[in-house]
Amino acid sequence: MVKRGILMVWFLIFTTVLGFCKGFVYKVGDSVGWNVVGNVDYSSWASSKTFQVGDTLIFEFDPKDHNVLQVSRPDFHSCNTAAPIATYATGNDSVVLRRPGHYYYICSFGGHCQAGQKVDIRVPKNHQPAESPIGSAVPKASSFGPLAPSPSPSSGEALMLHNGLFLLLVFLVFNVFN
Ligand SMILES: [Cu+2]
């Protein structure tokens with residue numbers, strides 16, 4: 001019974017450490033969300049962030065008035081809505097940035113893209129040192145983020161994660177054989 005209690009504590013510590021090491025969740029447009037009112041400059045919104053593989057974007061909008069189309073680079077620049085790569089239309093849509101590169105999103109409703117409802121999310125190839133997360137960035141609760149070693153504060157977190165994992169395994173093995 002005591003052992004089970006200790007195991008629970010370890011599990012809690014482990015999952016907490018894990019929670020802080022994963023990708024961040026970014027709500028596109030912060031408090032305004034995905035909209036044309038509020039005059040959000042989505043390009044400066046995006047350039048103020050350092051996205052990483054494993055991060056999640058959340059698009060919040062009224063599905064009667066907006067949607068989210070992932071499009072190619074040329075379609076992004078010309079606001080062409082005819083050939084989307086993906087469409088999101090629930091009004092509370094999340095997208096996980098699974099690989100490096102550019103992610104282009106536009107709204108296909110009349111004139112919205114032309115009015116600036118478009119965002120270019122760039123996920124750098126290399127694991128960038130994470131800026132101190134501010135604003136809408138909150139730790140995410142599923143799937144691993146990148147844990148590539150780099151001389152940054154996040155490498156300390158990664159180290160913590162690995163240590164935590166190692167200790168948990170040692171602890172579990174110890175418990176099984178005793
Ligand atoms: Cu729209």
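**A loop residue and the core**

Mentor: Among contacts in the protein between residues at least 6 apart in sequence, 76% join residues at least 24 apart, two residues being in contact if their C-beta atoms, placed from the backbone, lie within 7 Å. This is a predicted model, in which local features need pLDDT of at least 70 and side-chain atom pairs count only at pLDDT 80 or more, while totals for chains, interfaces and linings use all residues. Residues are numbered from 1 along each chain as its sequence is written.

The protein has four helices and eight strands, in the order α-β-α-β-β-α-β-β-β-β-β-α from the N terminus. Helices (H or I, at least four residues) and strands (E, at least two) are DSSP runs, numbered from the N terminus. Of the 178 residues, 22% are buried. A residue counts as buried if 20 or more other C-beta atoms lie within 10 Å of its own, as exposed if 12 or fewer do, and as partly exposed in between.

The part to look at is Val28, in the loop between strand 1 (24–27) and helix 2 (42–47). Val28 is buried because 25 other C-beta atoms lie within 10 Å. Leaving aside neighbours within four places in sequence, Val28 is in contact with Trp34, Leu57, Ile58, Phe59 and Val119. Between Val28 and Trp45 there are 7.9 Å in space, C-alpha to C-alpha, and the two are 17 residues apart in sequence.

Val28 also belongs to the largest nonpolar core, which has 23 residues. Such a core is a set of buried Ala, Val, Leu, Ile, Met, Phe, Trp, Tyr and Cys residues joined through C-beta atoms within 7 Å. The members that touch the most others are Val28, Phe59, Val68, Tyr104, Tyr105 and Ile106. At least two residues of this core come from each of strand 1, strand 2 (56–60), strand 3 (68–71), strand 6 (101–106) and strand 7 (118–123). Strand 6 supplies the most, with four residues. In soluble globular proteins, nonpolar side chains tend to be buried together.

Back in the loop between strand 1 and helix 2 is Asp30. Asp30 is partly exposed because 15 other C-beta atoms lie within 10 Å. The phi of Asp30 is positive, near 50 degrees, in a residue other than glycine. Most residues other than glycine have a negative phi.
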